[in-house]
Amino acid sequence: MHFYKQERTVVLIDGINLYAASKALGFDIDYKRLLSFFRDTTLLVRAVYFTIVAEDNEYLAVRPLIDWLAYNGYTVITKPSKEGSDGAGRRKIRGSIDLELAVEAMRLGACVDHVVLFTGDSDFRSLISALQGSGKRVSVVSTLRTQPPVVSDELRRQADQFVDLADLQHVIGRDSFRTNSSRATID
């Protein structure tokens with residue numbers, strides 16, 4: 001894993017994807033430690049957290065995390081989910097933050113040296129290619145250590161650097177004595 005102090009860096013987090021990957025690995029993310037890690041190892045320009053929120057729910061389970069992130073050094077970008085039904089008439093919640101993440105990556109990519117993507121979604125392969133084409137170094141953080149792997153082969157191969165989330169557990173995971181709760185650390 002190579003991060004350089006002199007590199008202007010932006011960290012972009014696909015919140016739903018990171019949550020799924022960390023849960024599959026059996027640990028919770030400590031967002032304060034994650035931010036500190038990148039502030040200590042790079043010239044962090046911005047950390048952006050992307051997530052989908054349900055429109056009809058006044059109190060969301062993710063709301064305390066979103067609020068904490070927004071007050072503690074993260075830019076938070078949310079998008080309302082859409083409700084529909086599948087072919088059998090069952091209620092289905094849909095939503096994707098991919099476009100917002102890609103636009104923000106291209107916008108911020110113009111003023112940084114290194115883009116760190118916390119996602120395993122293969123839809124971002126073209127984004128990585130475009131960022132690399134403009135001279136940016138791109139790292140992908142996800143995991144291969146689950147069945148099935150959370151990260152796609154295409155995304156991992158396109159990145160300049162792949163970092164397995166499991167290798168960062170000691171750096172950005174919640175302390176073991178605090179893992180009895182299923183919430184992400186937000187204090």
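Predicted model: local features only at pLDDT ≥ 70, side-chain atom pairs only at ≥ 80, totals over all residues.
Helix H5 (residues 125-133) lies across strands S6 and S7, running at about 150 degrees to S7. Angles here run from 0 to 180 degrees between N-to-C directions, and axes are lines fitted to C-alpha atoms, for helices over the stretch in contact. Contact means heavy atoms within 4.5 Å. Helices (H or I, at least four residues) and strands (E, at least two) are DSSP runs, numbered from the N terminus.

Residues are numbered from 1 along each chain as its sequence is written, and side-chain values use heavy atoms, with hydrogens and water left out.

H5 also packs with helix H4 (residues 98-109), at an angle of about 10 degrees and with the axes 11 Å apart. The two helices are therefore roughly parallel to each other, the term applying to angles under 35 degrees. H4 contributes Leu-101, Ala-102, Ala-105, Met-106 and Gly-109 to the contact, and H5 contributes Leu-127, Ala-130 and Leu-131.

Let me turn to the sheet. Its six strands follow the order S3-S2-S1-S6-S7-S8, in an open sheet with parallel pairing; two strands pair if DSSP finds at least two bridges between them. Strands S3 (75-80) and S8 (161-164) stand at the edges with a single partner strand each, so one side of each is left without a neighbour in the sheet. From one strand to the next, the twist averages 20 degrees. Seven bridges join S1 (residues 8-14) to S2 (residues 43-53) in the parallel sense, and Asp-14 has Phe-50 as its bridge partner in S2. Helix H1 (residues 15-25) packs on the sheet and touches S1, S2, S6 and S7, its direction making about 75 degrees with that of S1.

Which residues of helix H3 (residues 63-71) are buried? They are Leu-65, Ile-66, Trp-68 and Leu-69, where buried means under 20% relative accessible area (1.4 Å probe, protein chains only). Seen down the axis of H3, these buried residues fall within an arc of 165 degrees, so they line one face of the helix; the arc is that of the directions from the helix axis to the C-beta atoms. Their cover includes helix H2 (31-41), S2 and S3. Just after H3, Gly-73 takes a positive phi of about 100 degrees.

Finally, the chain as a whole has seven helices and eight strands, and 44% of its 187 residues count as buried.

Note on methods. Parallel < 35°, antiparallel > 145°, perpendicular 65-115°, else oblique. Buried < 20%, exposed > 50% of the residue type's maximum accessible area, 1.4 Å probe, protein only.
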